[in-house]
Amino acid sequence: MKNTNDDLSNISKLLVNKDFMSKYKLLDKTARKHLRPLVFDKLDKPHKKISRLRKLLKPIDIVNIENVILSCDDNDVIPALFPKEPEISQKEYFLDSIPIDKHLNILNLVVKNNFNKLTALIKLFLELNNFILSKDYLEAERLIERVIDNYGYSHFIIRKIILISELNKIEDIELIFIDGFVQKFNSYGENQILSSLQQCYDVEMSFFSLKKSIMNISSFECYVNTILKIPFLYKDYDCKNNDLDTRLRYNLQSSLIDGLLFLIRNSDTYAYHNYHYLKLVLKLFEESRVDIEDLAAFYLENFTVDTEDIFSKHSSAWYEIKGVENYRILQDLFVDDPSSDYLDLTINTEKLSDNLNTIISKYNLSKLLDPSMRTNSPNSNLELLMNDGAITRSAIFNYTIALNNGEVIFDQNNLYWIMGNTRELARSIDYKLLRKIAKESDELESKIIYYLLIHKKSENELDNHNLRKFLSKVILDNFDGDLISFIEYQSKQSEVVANFTYETCTVDFIAKLTHIIKDTVSITDTRAKLHIWMWEKTSDKNYFERARTILIDHQINKIRNELHDNRIYVDAQRFNDWISDEIIREFTSVLSSIEKIGLTEYYDSPQLFYLVDKVYQEFCNNNIYGISSYLGRRIRHGTFKGTMYKNIVSFMEQKYKIDEQSHIVGWNEWKDKYESRIEDIIDTYLHVKSDVKPKKPRGLIDPETTAIEKKIIVQSCIKDLMKVFFEQGSNINLNNILIEYCWRLIEVDLKNVNQYLKSTQSEVLQFTKPPQVAYNQESLNIFFKDLQFKVRDSFSIVFEWFKRPQSVAPKAEIVLLVKAVIEEVKESHNLKFNDRKLLSEFVLFGGAYHVIYDALYVIIFNAAKHGDSSKSLEISINFDNNSRKLFISIASHIYSNQNEELIIQRLKVPSNADISNAQLYEGRSGIMKLHHLEQTDSNFSIEEMVCLDNKVRFTISYKVANNV
């Protein structure tokens, strides 16, 4: 092989590298032969050569060769044992797996060669922990610098860095190295490993939501995914994956110390005790670690609120401490979705029963479910921490149910208390076992609580029926059929349970409470009242706005004729409600955390990817208001076949007078073949793709966002969410962004649907040809030519169905808005108006119609109350393209005996009027409210407010961005 100039330069560098040469000379001829192409010739794919050597050679020979490679200044063949730079990139070494016993043998020899270095390093870890617990962060920082200078980086030391950075927010000491580290490697959140750690240790972040997004980031096993998951699972619980070597290898890629700590955490899987030097060095950790009681005391002293929650979030920075193992195993298994693939809950509960029993018995954790025992004085700091927290209590609740296979009963009062003193039960409960408890319970309110939890996870209609049945009975028997009174009662027992009920009682759920909700008006009114109740409880105005939207839309729908448009559709209002009820808080929490930490360019955030994916899944899969509902109700159940088959057959048979006596050659055969093809489309392809029952693996709408094109759209969505949230400081516009991007995602599949339909059209036209017969061929040719035209026409119609609607945002035609207000005012006052004269094609989008609706109500209500009801209102609507303003003018007649001057005085607002509080003390019709709208919305203006020629005239305007 001919050496290049680069190869010669590399050889020259190696020849003057004393460490390299001394180790190289110790190798025998065979080892040198294997090594030479790796270090001197710089192979294009050195990992293949290394992988082959690791399989063929003895452990001692492998270690000797790798020692020489590691001494090269520009080693890029195998990961460093003590990396000079943090291993936080997506770099892969692509080494093949070897038998785990052989790998442990190799690692044992590596530890032997570095035993003194590791001994010194582990002793420094004890010093570091003591500095942190004494809050001497400056000394801790100096020691970290020393560790990195002499022993390199590790994920272990990075966890300490990020922990100190978070803890220091209380002390606010200038930590130049630690702050510099974060600034250098993750200034704006571009690094996934560091960003996820920063969020994990953020005291305000939801650990469960973060964990869920990280653990579901990908099933693909690679270095970054493995390291990302370290803070979220103490050990590797995946009992189905037998590739033990891969996971150990990825931890060793981070550093030698990370690989050793991985062995400690997984001692039940990796029998390292059989290897002398591994056993010795790992025992050093036991001798050089602080006590968990001291750790618990630190958190009790420094965090007075959510102490256990913060302790739990930070616990991955203390994995080396004895006692953390059992604490985390209990949480890992029982404060998580029990169906998660990475848990293997049944197997691990049995496998780790000793760990679970040790912590439960030592700290008497069963008492956490009995509020009467909370006054008992805990015997230790950790017991006190768990007693006052909610995390361990949640784990014990779920563990108790699992241990007893659902054969356990909780007292109703205790159950209310448990709901208010636990976390994430709706997402971590085993609803199948909870169903057994609900059936055995004799207390109706307990049954309701159980079924509220079950409702969060179960899609079984019987579960929902039982919830409605018990809910209706309690409300009818004890609360005079008033749902709001019941939820108010619940909130006094447990705000958490009341919130569950509020979230469950969507419009669709309320509509099925037929024993207490007697008409369609009550459905809307009840949901609006629930929003108002929530607004009064939380002071969050978003709930008030949602109540208004429901009531306005209800008024509009009362006078709107339903449009029979078959274009693909999602009920924007219901989907918007789901976003607000189920997921917007998580978006707000994640975005707030990202902003607080300064990760303003963290566009690869697994949490945000997970949440956007969850929204899109709902958009596609919901069978009440989502794409699945559209496909089910308006396509598969008649419309599609009616357009594609029945209309064609009916048209042709009527035009050509085909009946039982009249026959056209080939017609019946064509009908059978065509109908079979259409039914195949309906049965097989016009579905949301699903690999679970009912399985639809060839459904053309794919709810997953894993395709490259969709991933790009999701990332754009995340960028827009972050931009808007950071600029506006609120979540008010996030819903609209999510809805918009769901439509962008579905457009990818809609193109595929139309491509499939176009290929089907070509296929159909191929067999839509006249058979060759000996007689009447010309008539047959005309018939089939007409049939081809009709087929093309039908397909053209259906192509339009699978295109994005022109508008998917919440909207209202201005004409409908005016008519809705008039109808509402007519419920209390006489009012005359000829709506046929009202013409406008203008449509308002988003929240603008709230403002205009309120303004119209004020004006029209006052006209009806004070004006001459025998004469008609005069309303005109105009749009000025130059100013982009919508103008609405409303004139009402006054009675002949009314004084114009007096009316003019009443229309004026006193200079000392408290306009800013008009909402608080004025009724809905107060004139001052118009001025308040003008004050609070810069787009809204009162252009005219006069009384002239026996008419009161109001002209208002609104500056808009769209005119459709």
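I began with the rule for pairing, under which two strands pair if DSSP finds at least two bridges between them. Strands (E, at least two residues) and helices (H or I, at least four) are DSSP runs, numbered from the N terminus.

**Ground rules.** I kept in mind that this is a predicted model, in which local features need pLDDT of at least 70 and side-chain atom pairs count only at pLDDT 80 or more, while totals for chains, interfaces and linings use all residues. Residues are numbered from 1 along each chain as its sequence is written, and side-chain values use heavy atoms, with hydrogens and water left out.

**Entry 1, the sheet.** I looked up the strand order and found an open sheet of four strands, β3-β4-β6-β5, with antiparallel pairing. β3 (874–880) and β5 (940–948) each have a single partner strand and stand at the edges, so one side of each is left without a neighbour in the sheet. From one strand to the next the twist averages 15 degrees, where axes are lines fitted to C-alpha atoms, for helices over the stretch in contact, and angles run from 0 to 180 degrees between N-to-C directions. I then followed β5 to β6 (residues 951–959), to which it is joined by eight bridges, the two running antiparallel. Ile-942 has Ile-956 in β6 as its bridge partner.

Helix α44 (residues 900–907) lies across β5 and β6, and runs at about 160 degrees to β5.

I checked helix α8 (residues 137–151) against helix α10 (residues 176–186), and their axes come within 8 Å and cross at roughly 60 degrees. α8 and α10 are therefore oblique to each other, since angles under 35 degrees count as roughly parallel, over 145 as roughly antiparallel, 65 to 115 as roughly perpendicular and the rest as oblique. On the α8 side the contact (heavy atoms within 4.5 Å) is made by Glu-141, Ile-144, Glu-145 and Ile-148, and on the α10 side by Ile-176, Phe-177 and Ile-178. I recorded these residues as five nonpolar, two charged and no polar, where Ala, Val, Leu, Ile, Met, Phe, Trp, Tyr, Cys and Pro count as nonpolar, Asp, Glu, Lys and Arg as charged, and the others, Gly among them, as polar.

Gln-788 lies in helix α41 (residues 777–801) and is buried, with a relative accessible area of 18%; buried means under 20%, exposed over 50%, and partly exposed in between (1.4 Å probe, protein chains only). Leaving aside residues up to four places away in sequence, Gln-788 touches Leu-765, Thr-768 and Lys-769. I next found Thr-538 in helix α32 (residues 520–538), partly exposed at a relative accessible area of 39%.

I compared the 18 Å that the 13 residues of α23 (residues 391–403) should span at 1.5 Å a residue with the 18 Å between its end C-alpha atoms, and the two agree; the expected span is 1.5 Å times one less than the number of residues. Among the buried ones are Arg-393, Phe-397 and Tyr-399. Asn-405, which follows α23, has a positive phi near 55 degrees.
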